[in-house]
Amino acid sequence: MSARINAAQRAELQNVAEREVLRYKGNHPLWHKHIHGADLDPMQVLKMVEMDEHLFTVDYSCRRTRKTSTKELWFLEYMACNADQSLGIIAPTESQSITNLNYHTDAIRRSPILSNFINTKGGRKQMADSYYQFANRSQAEAYGIMGQVDGDDLTIASIEEVDDLPQERLFSRFLLTMGATDRLGADKDSVNDQIIRITGVFKGADTLSDLIDSGDFHVLPVVDCYTGIELGVVKESFMTLMQGQLSSEEYIRQLLCQNIAAKNLIWEKWVRQALQRGLMAGVKLVEPEIMAVYKKRGLLSFGYDHTGHGEAASSSRSALVVKEMIGNHIATIFCKTWPPGTDEKIILHDLVSLWRYFMPDYAMGDAFGIGLLTALNDRLFTEGLTAISRMAVGGGESTASTWTDWAFAPLRFEGMIKHQMAQAVRATYQNGFAVLPYIDNEEGGDPLVDDMRTLQKQLINIKQTPVKNGSYNSYEMVKKLIGDDLFDADMAGTWALVTRGESSYATEINTLERTRQQLLGSNNLRQLGGLNG
């Protein structure tokens, strides 16, 4: 247990720490080595030198090439050496911002100099998981993009994962807090330069590219995966592995740092916008609970794709997607997959349990699994989960004409129907009505999170090709390894909401009656010389 010290001793330690902090001010390698024992690589030093020269910078280097640590360590040095600074770390969620702040707090904890330089109020050190303050009154705090910042007075902004941030809220709520020329309690001689540092990778949205194209931000040296391999900061074997796992567009964008966007059936730009809407609206991934019923906010639908007839093994899984209408928007709140070869009894039991929790208004499934869907409809009626008895529809016969009246209606995913389903999904994303839960900050390993990530990948993995001698398109996977099972289930769930459970419409034939005299038309005959003409 450390010995207690009085206020006078604490002030003396802070003075000694401040002297050491300022000893190598401006010499980045020596400062970080002396203060907290960190060795900077040449690229980090060069980036810090450029940050000294430019107030607004952006870095979109490859992942794991130390761009975030470089930015945060530069901020740590700047705030320790300059009084009365206020740093706001901004990311899509507060937990992501705290991850960035940990670069600061970890350096402070391993450095006796910085630990003694932390400010103290009422005998308590001003450092916690989400903020800290130095003795020179410079402070840092972590924010989520939807957090409350009214009244805060930022001089420095550290922006992370910028392509996931709603551009309007970023500029109108956060960056506008940096415009003050005078701050209460700040020394008049303190530096008051507004500084913005942005890091992130291209994800197909427009926020990052718009900032670069504006010309207001200086682009720091870009380190792609090959440069990172040469610098020794990333492993060549892992990057080679990721080249095969990622789609070509994702590989070019995130590892080669080139801004391109795949424009298949559903554009990546639309998917990122759906994620931003989910972040702003607070739409979360729903996890079913035992002995509970989901509290619906609007109409809710099930979409199911059956196993056994995909183009590849990865696309032959059974899949379920749950869609919910919230106002005028369609939100995807849950999805689940079953591995190929799963016993249909297990799938049946899971579907009944999920129906009992969500109680959907409409449900449509792949008619390829007609046996499973028949047993499911009977089970739902037997357990009182639906008022529709399959046996009371069309004399209990299982035909395409009676399917539309079932509680869980089978539907053939083929031909014109599949074309209409796919275009309905495209329309929801293109017109800004789709909402996806933001899960980029969630750790892998949770099946629900992994399935939702897979769905987001599959949405942009579908291409459309015209059918020869046909009036509709066919839909194929761009990369078979990613699959399309969840996309097919998403189509069924969307189509169930669009048609309100009616998979087809009755054909209407409009007729118009005309007399023989009207058909002959006397005026026309006179023009031709007939009828006394």
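Okay, ground rules. Since the model is predicted, local features need pLDDT of at least 70 and side-chain atom pairs count only at pLDDT 80 or more, while totals for chains, interfaces and linings use all residues. Residues are numbered from 1 along each chain as its sequence is written, and side-chain values use heavy atoms, with hydrogens and water left out. Helices (H or I, at least four residues) and strands (E, at least two) are DSSP runs, numbered from the N terminus.

Let's start with helix H17, residues 447-459. Its 13 residues reach 18 Å from the first C-alpha to the last, close to the 18 Å expected at 1.5 Å a residue; that expected span is 1.5 Å times one less than the number of residues. At the start of H17, Asp446 puts a side-chain oxygen within 3.1 Å of the backbone nitrogen of Leu448.

Which residues of H17 are buried? They're Leu448, Val449, Asp451, Met452, Leu455, Gln456, Gln458 and Leu459. Buried here is under 20% relative accessible area, with exposed over 50% and partly exposed in between, using a 1.4 Å probe and protein chains only. The cover over those residues includes helices H12, H16 and H18, plus strands E12 and E16.

Next, H2 (residues 28-36) and H3 (residues 42-53). Their axes come within 10 Å and cross at roughly 110°. That makes H2 roughly perpendicular to H3, a label for angles of 65 to 115 degrees. The axes are lines fitted to C-alpha atoms over the stretch in contact, with angles from 0 to 180 degrees between N-to-C directions. On the H2 side, His28, Pro29 and His32 meet Val45, Met48, Val49 and Asp52 of H3, where contact is heavy atoms within 4.5 Å.

Now the strands. Two strands pair if DSSP finds at least two bridges between them. E2 (residues 86-91) and E6 (residues 139-144) run parallel and are joined by six bridges, with Ala91 opposite Gly144. On E5 (residues 131-133), three bridges go to E6, and that pair is antiparallel. Gln133 has Gln139 as its bridge partner. The E5-E6 hairpin has five residues between the strands, and Arg137 there takes a positive phi near 75°.

Glu161, in the loop between E7 and H7, has phi near 50° and is buried at 13% relative accessible area. Cys257 sits in the loop between H11 and H12, with phi near 60°, and is buried too, at 5%.

Definitions and conventions. A polar contact is a pair of N or O atoms within 3.5 Å; within protein, one must be able to donate a hydrogen and the other to accept it, and residues adjacent in sequence count only if both atoms are side-chain atoms. Angles under 35 degrees count as roughly parallel, over 145 as roughly antiparallel, 65 to 115 as roughly perpendicular and the rest as oblique.
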